[in-house]
Amino acid sequence: MGLPSPSISLIIATYNWPQALAVVLRSVRAQQVWPTEVLIADDGSRSDTRALIDRERAGLPVPLVHVWHEDAGFRLAAIRNKAIAQARGDYIVQIDGDVVLHPRFIQAHAAYARGERGAERRVRGCHMAFWRDDLRRVKGYDEAMEGWGREDSELAARLSNAGVVRRNLKFAAVCYHLWHRSASTESVARNHDRFLRTVRERRTWCDHGLDQYLSPANRVA
């Protein structure tokens, strides 16, 4: 097996579901082409998740990095920013900790990153991919968006406003989303208002984003 070109960082978001994360990491081990590294963006899980990650390190042929912060409510935007700041790959593939990967998942992303596809009409935060430099340019996720919902759409809107063209990786990079109960939707209306502001004002940046975790040399003015 060889490493893909460009270098790919796989970021897996998780929160207190180590059983699902174990299945996801098993699917990562089965990849026909490996990512450069795997980062677990952990939104404050208990110690059993840390113990699982420590056990899994020996079975992966690439670095497995655990990026954790204290549990202070649903702060997915913040923990993803922290993981992105530590990522070394040119290309970032982002999934949730309940998304099981087809063995050719990373291989398909590597091919897609070098090729052309049709325009994408919708986004889903459970499976998205970006050039790392594009994320830095728009300051990553807006950490003012706490609670479940719309943080992925708001980021996509800023990328689009900055001239980044969304692509649809259709019938490739296959993955399987494990069933789980729906998250609370109490934050959706508030987050949707921030999304609408981004669209209306054609924003390309956010006030509280990725920059705070980057060294001055790695920030984009």
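Residues are numbered from 1 along each chain as its sequence is written, and side-chain values use heavy atoms, with hydrogens and water left out. Because the model is predicted, local features need pLDDT of at least 70 and side-chain atom pairs count only at pLDDT 80 or more, while totals for chains, interfaces and linings use all residues.

Five strands form an open sheet in the order β3-β2-β1-β4-β6, with mixed pairing; helices (H or I, at least four residues) and strands (E, at least two) are DSSP runs numbered from the N terminus, and two strands pair if DSSP finds at least two bridges between them. The edges are taken by β3 and β6 (127–131), each of which has a single partner strand, so one side of each is left without a neighbour in the sheet. On average, neighbouring strands of this sheet are turned by 20 degrees against each other, direction ignored, where axes are lines fitted to C-alpha atoms, for helices over the stretch in contact, and angles run from 0 to 180 degrees between N-to-C directions.

Strand β1 is joined by six bridges to β4 (residues 91–96), to which it runs parallel, and I12 has I95 as its bridge partner in β4. Six bridges also join β1 to β2 (residues 37–42), again with the two strands running parallel, and here L10 stands opposite V38 of β2. Between β1 and β2 the chain passes through helix α1 (residues 18–29), and this β-α-β crossover is right-handed, in the sense that, with the strands pointing away from the viewer, the path from the first strand over the helix to the second runs clockwise.

Further along the order of strands, β4 and β6 run antiparallel and are joined by five bridges, with Q94 standing opposite M128 in β6.

In α2, the residues T49, L52, I53 and E56 are buried. They cover an arc of only 95 degrees around the axis, which puts them on the same side of α2; the arc is that of the directions from the helix axis to the C-beta atoms. On the other side of α2, S47 and R55 are exposed. The buried residues of α2 are covered by elements that include β1, α1, β2 and β3 (64–68), where contact means heavy atoms within 4.5 Å.

One of these residues, E56, lies in α2 (residues 47–56) and is buried, with a relative accessible area of 12%. Leaving aside its neighbours within four places in sequence, E56 is in contact with L25, R29 and L64. The side chains of E56 and R29 are also joined by a polar contact of 2.4 Å, that is, a pair of N or O atoms within 3.5 Å, of which, within protein, one must be able to donate a hydrogen and the other to accept it, and for which residues adjacent in sequence count only if both atoms are side-chain atoms.

The remaining residues lie outside the sheet. W179 is found in the loop between β7 (175–177) and α7 (188–201) and is exposed, with a relative accessible area of 67%. W179 and D98 are 81 residues apart in sequence and 8.1 Å apart in space, C-alpha to C-alpha. R150, in the loop between α5 (132–137) and α6 (151–161), has a phi near 80 degrees, a positive value in a residue other than glycine, and R150 counts as partly exposed at 24% relative accessibility. R202, in the segment after α7, has a positive phi of about 50 degrees although R202 is not a glycine, and at 54% relative accessibility R202 counts as exposed.

How values were computed:
Buried < 20%, exposed > 50% of the residue type's maximum accessible area, 1.4 Å probe, protein only.
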